[in-house]
Amino acid sequence: AHVKYSNQHNLNTSLARSNWDTIMLASTAWRQLSAIPTKHPLAFGVGISTFKTMFSDAVVQKVVEQKEELDWKRNLAFGAFGCFYLGGVQYALYVPVFGRLFP
(Lines give C-alpha, C1' and ligand atoms only; values in the text may rest on other atoms or scores of the structure.)
Protein backbone atom coordinates (compact mmCIF):
# COMPACT_ATOMS: atom_id res chain seq x y z
CA ALA A 1 0.00 0.00 0.00
CA HIS A 2 2.89 2.33 0.77
CA VAL A 3 4.38 1.85 -2.72
CA LYS A 4 1.02 2.55 -4.30
CA TYR A 5 0.71 5.77 -2.25
CA SER A 6 4.24 6.75 -3.17
CA ASN A 7 3.59 6.25 -6.88
CA GLN A 8 0.32 8.18 -6.65
CA HIS A 9 2.07 10.91 -4.69
CA ASN A 10 4.83 11.12 -7.32
CA LEU A 11 2.21 11.31 -10.07
CA ASN A 12 0.29 14.07 -8.26
CA THR A 13 3.52 15.99 -7.61
CA SER A 14 4.56 15.59 -11.23
CA LEU A 15 1.15 16.78 -12.48
CA ALA A 16 1.20 19.75 -10.11
CA ARG A 17 4.69 20.68 -11.30
CA SER A 18 3.56 20.26 -14.90
CA ASN A 19 0.52 22.48 -14.29
CA TRP A 20 2.69 25.09 -12.60
CA ASP A 21 5.15 25.06 -15.50
CA THR A 22 2.26 25.49 -17.93
CA ILE A 23 0.88 28.41 -15.93
CA MET A 24 4.29 30.07 -15.77
CA LEU A 25 4.85 29.58 -19.50
CA ALA A 26 1.41 31.02 -20.28
CA SER A 27 2.05 33.94 -17.94
CA THR A 28 5.38 34.70 -19.59
CA ALA A 29 3.87 34.38 -23.07
CA TRP A 30 0.98 36.68 -22.09
CA ARG A 31 3.37 39.26 -20.65
CA GLN A 32 5.41 39.26 -23.86
CA LEU A 33 2.34 39.41 -26.09
CA SER A 34 0.71 42.18 -24.09
CA ALA A 35 3.87 44.28 -24.43
CA ILE A 36 3.72 44.27 -28.25
CA PRO A 37 1.17 47.11 -28.58
CA THR A 38 3.30 49.32 -26.36
CA LYS A 39 6.63 48.45 -27.98
CA HIS A 40 5.41 48.39 -31.59
CA PRO A 41 2.15 50.37 -31.77
CA LEU A 42 2.15 50.99 -35.54
CA ALA A 43 2.96 47.38 -36.44
CA PHE A 44 0.36 46.14 -33.95
CA GLY A 45 -2.30 48.48 -35.34
CA VAL A 46 -1.53 47.50 -38.92
CA GLY A 47 -1.62 43.80 -38.04
CA ILE A 48 -4.90 44.03 -36.13
CA SER A 49 -6.53 46.18 -38.82
CA THR A 50 -5.46 43.79 -41.57
CA PHE A 51 -6.66 40.72 -39.66
CA LYS A 52 -10.03 42.16 -38.60
CA THR A 53 -10.81 43.48 -42.08
CA MET A 54 -9.97 40.17 -43.77
CA PHE A 55 -11.82 38.20 -41.10
CA SER A 56 -14.88 40.43 -41.42
CA ASP A 57 -14.96 39.97 -45.18
CA ALA A 58 -14.63 36.21 -44.80
CA VAL A 59 -17.59 36.18 -42.37
CA VAL A 60 -19.69 38.23 -44.77
CA GLN A 61 -18.82 35.96 -47.69
CA LYS A 62 -19.58 32.75 -45.79
CA VAL A 63 -22.49 33.78 -43.55
CA VAL A 64 -24.28 36.66 -45.24
CA GLU A 65 -23.64 35.81 -48.89
CA GLN A 66 -23.45 32.06 -48.16
CA LYS A 67 -20.67 31.46 -50.67
CA GLU A 68 -19.25 27.96 -50.98
CA GLU A 69 -15.67 29.22 -51.41
CA LEU A 70 -14.03 32.45 -50.40
CA ASP A 71 -13.21 34.98 -53.08
CA TRP A 72 -9.55 35.34 -52.11
CA LYS A 73 -8.92 38.20 -54.52
CA ARG A 74 -11.67 40.21 -52.82
CA ASN A 75 -10.46 39.16 -49.38
CA LEU A 76 -6.92 40.30 -50.17
CA ALA A 77 -8.29 43.62 -51.44
CA PHE A 78 -10.01 44.09 -48.08
CA GLY A 79 -6.77 43.06 -46.37
CA ALA A 80 -4.83 45.70 -48.31
CA PHE A 81 -7.43 48.31 -47.34
CA GLY A 82 -7.20 47.26 -43.69
CA CYS A 83 -3.42 47.30 -43.80
CA PHE A 84 -2.71 50.54 -45.58
CA TYR A 85 -5.69 52.75 -44.88
CA LEU A 86 -7.09 51.58 -41.54
CA GLY A 87 -3.74 50.50 -40.11
CA GLY A 88 -1.41 53.07 -41.62
CA VAL A 89 -3.20 56.24 -42.70
CA GLN A 90 -5.65 56.39 -39.82
CA TYR A 91 -2.86 55.67 -37.35
CA ALA A 92 -0.83 58.52 -38.81
CA LEU A 93 -3.85 60.84 -38.62
CA TYR A 94 -5.44 59.93 -35.32
CA VAL A 95 -2.55 59.13 -33.01
CA PRO A 96 -0.82 62.52 -33.29
CA VAL A 97 -4.12 64.45 -33.26
CA PHE A 98 -5.62 62.58 -30.31
CA GLY A 99 -2.25 62.67 -28.56
CA ARG A 100 -2.39 66.48 -28.66
CA LEU A 101 -6.09 66.73 -27.82
CA PHE A 102 -5.96 64.25 -24.93
CA PRO A 103 -2.45 64.32 -23.45
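Predicted model: local features only at pLDDT ≥ 70, side-chain atom pairs only at ≥ 80, totals over all residues.

Before anything else, one term: a residue is called partly exposed when its relative accessible area lies between the buried range, under 20%, and the exposed range, over 50%. By that rule Lys-67, at 29% relative accessibility, is partly exposed.

First, the overall layout. The chain has three helices and zero strands, so read from the N terminus the order is α-α-α. Of its 103 residues, 14% are buried. The accessible surface is about 8,400 Å², and carbon and sulfur atoms account for 69% of that. As for contacts with a separation of 6 or more, 48% are between residues 24 or more positions apart.

Now the charged side chains. How many salt bridges does the structure hold? There are three.

Start with Arg-74 and Asp-57, whose side chains form a salt bridge at 2.8 Å, N to O. This pair ties together distant parts of the chain, with Arg-74 in helix H3 and Asp-57 in helix H2, which covers residues 41-64; the two are 17 residues apart. Are these two partners buried or exposed? Asp-57 has 3% relative accessibility, so it counts as buried. Arg-74 is at 22%, and therefore counts as partly exposed.

Arg-74 also has a salt bridge with Glu-65, where the closest N and O atoms are 3.0 Å apart. Through shared partners, the salt bridges join Asp-57, Glu-65, Lys-67 and Arg-74 into one network. The link to Lys-67 is its salt bridge with Glu-65, with 3.7 Å between the closest N and O atoms. Glu-65 is partly exposed, because its relative accessibility is 37%.

Last, the surface. Which residues make the nonpolar surface patch of about 890 Å²? They are Phe-81, Tyr-85, Val-89, Leu-93, Tyr-94, Val-97, Phe-98, Leu-101 and Phe-102. Take Phe-102 from that list: its place is in the segment after helix H3, which spans 72-101. With a relative accessible area of 60%, Phe-102 is exposed, because the cut-off for that word is over 50%.

To recap, there is a salt-bridge network of Asp-57, Glu-65, Lys-67 and Arg-74, and there is a nonpolar surface patch that includes Phe-102. That is all from me.

Definitions and conventions. Residues numbered from 1 in each chain as written. Heavy atoms only, no water. Patch = residues over 30% accessible without salt bridge, like charges linked within 9 Å, V, L, I, M, F, W, Y side chains within 5 Å. Areas by Shrake-Rupley, 256 points an atom, 1.4 Å probe, with all protein chains shown as cover. Salt bridge = Lys/Arg side-chain N within 4 Å of Asp/Glu carboxyl O. Helix = DSSP H or I, 4+ residues; strand = E, 2+ residues; numbered from the N terminus. Buried < 20%, exposed > 50% of the residue type's maximum accessible area, 1.4 Å probe, protein only. Contact = heavy atoms within 4.5 Å.
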